[in-house]
Amino acid sequence: MAEFCLDCLNRLEGTCYTKWDVSLSWSKDICEGCSQLRRTVICLRKRTIRRQYLGLYDDNHRKSRK
Ligand SMILES: [Zn+2]
């Protein structure tokens with residue numbers, strides 16, 4: 001799995017996760033997005049994934065009404 005810092009993950013995924021929404025590595029790694037030594041995202045927490053699905057649903061709903 002590619003390693004990205006939280007900022008790069010949000011930029012790539014178009015999300016706005018906070019450090020509370022993800023599990024970050026304890027040690028610093030080179031981020032593949034910005035090539036800086038930063039703590040990288042290991043995985044999303046479960047409640048985050050659920051909220052992401054709800055967010056996608058809201059987005060589709062809004063688009064279809066345009
Ligand atoms: Zn980065």
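Predicted model: local features only at pLDDT ≥ 70, side-chain atom pairs only at ≥ 80, totals over all residues.
1. Now for the overall layout. The protein chain holds two helices and two strands, and along the sequence they come in the order α-β-β-α. Of the 66 residues in the protein chain, 14% are buried. Looking at contacts with a separation of 6 or more, 45% of them are between residues 24 or more positions apart.

2. The average pLDDT of the protein chain is 83, and 71% of the residues score at least 70. Helix α1 has the highest confidence, with a mean of 95.

3. Next, the nonpolar core. Seven residues form the largest one: F4, C5, L6, C8, L9, C31 and V41. Helix α1, which spans residues 6–13, supplies the largest share of this core, namely three residues.

4. Which residues of α1 are buried? They are L6, C8 and L9. These residues lie on the same side of α1, because the arc they cover around the axis is only 160°. Among the elements that cover the buried residues of α1 are β1 and β2.

5. Leaving aside residues up to four places away in sequence, L6 touches Y17, K19, V22 and V41. One of these, V41, belongs to the largest nonpolar core together with L6. Another, V22, has L44 as its bridge partner in β2.

6. That brings us to the strands. β1 covers residues 22–30 and β2 covers residues 37–44. The two run antiparallel, and six bridges join them. In the hairpin they make, six residues sit between the strands.

7. Finally, do have a look at S35, which is located in the loop between β1 and β2. Is S35 buried or exposed? S35 is exposed, because it has 9 other C-beta atoms within 10 Å, and a residue counts as exposed with 12 or fewer. Its backbone also stands out: the phi of S35 is positive, near 60°, although S35 is not a glycine. As a rule, most residues other than glycine have a negative phi. One further distance to check in the viewer is that from S35 to C5: they are 30 residues apart along the chain, and their C-alpha atoms are separated by 9.5 Å. C5 is itself one of the residues in the largest nonpolar core.

Methods
Residues numbered from 1 in each chain as written. Core = buried A, V, L, I, M, F, W, Y, C linked by C-beta atoms within 7 Å. Buried ≥ 20, exposed ≤ 12 C-beta atoms within 10 Å, placed from the backbone. Helix = DSSP H or I, 4+ residues; strand = E, 2+ residues; numbered from the N terminus. Contact = placed C-beta atoms within 7 Å. Pairing = 2+ DSSP bridges. pLDDT = per-residue confidence, 0-100. Arc of directions from axis to C-beta.
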